[in-house]
Amino acid sequence: MRVARAKGYLPTEDDADSEPAPEGGVHSKNLVRFRQFTELVSDREGRHLIEAAKEDPDWGRGALLPTLKQAVWMLESEFGDAG
């Protein structure tokens, strides 16, 4: 995510930390960040995310891909397979 933040696709950690937490506390703040991330993934068929991962392939393969797979597993466990 650092490449995505550096390219301006996501707010910097300083900007995200300086934002007031929405009503509901920490979980709501994380939800806002996740929604921003989903906008990044949805934008132009995820092109910004792919560009960021290509610029830092170690991050893309080493952190991003496993994290996305884990997120999909957790969501499918909670809500069932969307397919």
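## The overall fold

The protein chain has five helices and zero strands, where helices (H or I, at least four residues) and strands (E, at least two) are DSSP runs numbered from the N terminus. Read from the N terminus on, the elements run α-α-α-α-α. This is a predicted model, in which local features need pLDDT of at least 70 and side-chain atom pairs count only at pLDDT 80 or more, while totals for chains, interfaces and linings use all residues. Residues are numbered from 1 along each chain as its sequence is written, and side-chain values use heavy atoms, with hydrogens and water left out.

The protein chain exposes about 6200 Å², and carbon and sulfur atoms supply 55% of it; accessible areas come from the Shrake-Rupley method with a 1.4 Å probe, and for residues only the protein chains shown count as cover. Of the 83 residues, 20% count as buried. Buried means under 20% relative accessible area, exposed means over 50%, and partly exposed lies in between (1.4 Å probe, protein chains only).

## The nonpolar core

Which residues make up the largest nonpolar core? The seven are Phe-37, Leu-40, Leu-49, Ala-52, Ala-53, Trp-59 and Leu-64. A nonpolar core here is a set of buried Ala, Val, Leu, Ile, Met, Phe, Trp, Tyr and Cys residues joined through side-chain atoms within 4.5 Å. Helix H3 (26-42), helix H4 (47-55) and helix H5 (57-79) each supply at least two residues of this core, and H4 gives the most, with three. In soluble globular proteins, nonpolar side chains tend to be buried together.

Leu-64 touches Phe-37, Leu-49, Ala-53 and Trp-59, leaving aside residues up to four places away in sequence; contact means heavy atoms within 4.5 Å. Ala-52, in helix H4, has 0% relative accessibility, so Ala-52 counts as buried.

A pair of aromatic rings is described by the distance of the centres and the angle of the planes. Rings of Phe, Tyr and Trp (its six-membered ring) pair if their centres lie within 6.5 Å; planes under 30 degrees apart count as stacked, over 60 as edge-to-face and the rest as tilted. By this rule there is one aromatic pair. Phe-34 and Phe-37 have ring centres 6.5 Å apart and planes at 35°, so the pair is tilted.

These two residues are separated by about one helical turn, because Phe-34 and Phe-37 are three residues apart in helix H3. Phe-34 is partly exposed because its relative accessibility is 40%, whereas Phe-37, at 10%, counts as buried.

In H5, Trp-59, Gly-60 and Leu-64 are buried. The 23 residues of H5 should span 33 Å at 1.5 Å a residue, and the end C-alpha atoms are 31 Å apart, which agrees. The expected span is 1.5 Å times one less than the number of residues.

Where does H5 bend by about 35°? The bend is at Leu-64, and a proline, Pro-66, follows within four residues. The bend at a residue is the angle between axes fitted to the seven residues ending there and the seven starting there. Just after H5, Gly-80 takes a positive phi of about 90°.

## Links across the chain

Among contacts between residues at least 6 apart in sequence, 38% join residues at least 24 apart. The C-alpha atoms of Ala-52 and Arg-5, 47 residues apart along the chain, are separated by 9.1 Å.

Gly-8 lies in the loop between helix H1 (2-6) and helix H2 (13-18). With 56% relative accessibility, Gly-8 counts as exposed.
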